[in-house]
Amino acid sequence: MLTKTLRYALVSSLALFGNAGTSPAFPFSRSGTDIVDGSGNKMDLACVNWPGHMEVNLPEGLQHQTMQDIVDKIASSGVYNCVRLTYAVELFSKSNMTARESFEQADVDVDMTGFIDDVTQHNPNVIDMKLPEVFQKLATTLGEAGISTIMSNHISKAGWCCSEDDGNGWFNDVYFNVQEWNDSLASMAKLMIGIPSVIGLDLRNELRNSLGLSRLTQVSEFMKYTPEAIRSIQSTNPAVLTLVSGLSYDNDLKFIDEADASERAEFDSVLSEFSSKIIFEGHIYSWSPFGDVPVDGADCSSLSFDDMLGWSYKNGFPMILSEIGWNIDSYAGDDKTWINCVRDFILDHNLSHAMWLLGGDYYARDGTLNHPDSFGLLVDDWSEWKDEDVLAKNMEMKWMQSAVEEKE
């Protein structure tokens, strides 16, 4: 039975926006700081992250539940109208590999072949699909359930993200080949043509200074490489939005105004050329460098969310916080003030958002099969939400304006 708090969430979400589990008009575009659907209706995206960027290059969870059952769980929550589906550049270098072959050949230290029987049991029509086709199928299934999808170029070499030394952090890092990255953006944009519910592609998840560059060099290289990447998406699939992220693990957009006029020229030209399709994104976690997490009862004025991430809406562009999250398994009352600060930032500036993360575990991580994730909103076998009160109280930042305070 739904708790009082969750019932409140469902009623509030549907009454305020009416678009969870129903299909808006496509394609989406930008109108000032709003994201709008094909009929011009303002869209407030409340997304959840579904990882697909780990070594097996498949959406997680298919060893536990049918794809349809997981999608139905998202749609029936009444909370989410969007999934941010992550993938690795490596997916397209293995585009002829099937899911079965990927489990057999995955670059991990543990034997993953046991998942072949598990996925065959729950998703028999997936196991012999080619890897990109599985992402197509998931995006289609989400769309049929009224859930929009944002494809996230999460990493180059498939695996856990992110760290300073994983070889994926910055342009021309060990695995971050710029041409392959651009090609993967075009390939994903092409792959999703004909699936109108795929509303956007992001450029890259959590750029970070893995090469020890000066800030001036980081700004310069961002301005050098980003315009071509935007064009890779828009010239291939002009229906989709392009999400532009910032520096320092997506915690910083203020750097844009630090570029000199010559560096900014091409970037500004691309923003103008595709102005109806550009939105910006940022990430917020309790460890992000926005200032000390307020103690319970303190206000949020010491946090630098607006200073670090406000460039987008201050310059007339929409913004999505494409990753926010916290440890669901050890949620404590001390988290409430910080959660409220994030919620207030979202509401004050009309932001969309995406919770990290949906699933309770990964096929494999750190040498462990079925590795659990304490940030996961579903239990380890993906069969149910960990806690209905968590779903209502902590996960929904846009549609649940007072639910955080409702239950003590």
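Is Pro318 buried or exposed? Pro318 counts as buried, because its relative accessibility is 2%. Here buried means under 20% relative accessible area, exposed means over 50%, and partly exposed lies in between, with a 1.4 Å probe and protein chains only. The model is predicted, so local features need pLDDT of at least 70 and side-chain atom pairs count only at pLDDT 80 or more, while totals for chains, interfaces and linings use all residues. Residues are numbered from 1 along each chain as its sequence is written, and side-chain values use heavy atoms, with hydrogens and water left out.

Start with the surroundings of Pro318. Pro318 sits in the loop between helix H10 (311-314) and strand S10 (319-324). Helices (H or I, at least four residues) and strands (E, at least two) are DSSP runs, numbered from the N terminus. Which residues touch Pro318, leaving aside its neighbours within four places in sequence? Its contacts are Arg30, Gly32, Thr33, Asp34, Ile35, Ile278, Ile279, Phe280 and Ser312. Contact means heavy atoms within 4.5 Å. Pro318 and Asp34 are 284 residues apart along the chain, yet 5.4 Å separates their C-alpha atoms.

Now turn to the strands. Eight of them form a closed barrel, in the order S4-S5-S6-S7-S8-S9-S10-S11, with parallel pairing. Two strands pair if DSSP finds at least two bridges between them. Neighbouring strands of this sheet are turned by 30° against each other on average, direction ignored. Axes are lines fitted to C-alpha atoms, for helices over the stretch in contact, and angles run from 0 to 180 degrees between N-to-C directions.

S4 and S5 pair in the parallel sense over four bridges. Val48 has Val83 in S5 as its bridge partner. A helix also packs on the sheet: H7 (residues 215-236) touches strand S7 (198-202), strand S8 (241-244) and S9. The direction of H7 makes about 160° with that of S8.

How many disulfides are there? The count comes to three. A disulfide is a pair of cysteine sulfur atoms within 2.5 Å. One of them joins Cys47 to Cys82, with 2.2 Å from S to S. Cys47 lies in strand S4 (residues 46-50) and Cys82 in strand S5 (residues 82-88), so the pair ties together parts that are 35 residues apart in sequence. The torsion about this S-S bond is about 85°, so the disulfide is right-handed. Cys47 is buried at 0% relative accessibility. Cys82 is buried too, with a relative accessible area of 0%.

Another disulfide joins Cys161 to Cys162, with 1.6 Å from S to S. Its torsion is about 55°, so this bond is right-handed. Both Cys161 and Cys162 are buried.

There is also a disulfide between Cys300 and Cys341, with 2.0 Å from S to S. Where do its two ends lie? Cys300 is in the loop between strand S9 (278-284) and helix H9 (305-309), and Cys341 is in helix H11 (residues 336-348). They are 41 residues apart, and the pair links distant parts of the chain. The torsion for Cys300 and Cys341 is about -85°, so the disulfide is left-handed. Cys300 counts as partly exposed, because its relative accessibility is 27%. Cys341 is buried, with a relative accessible area of 3%. With the bonded cysteines of the protein numbered in sequence order, the pairing reads 1-2, 3-4, 5-6.
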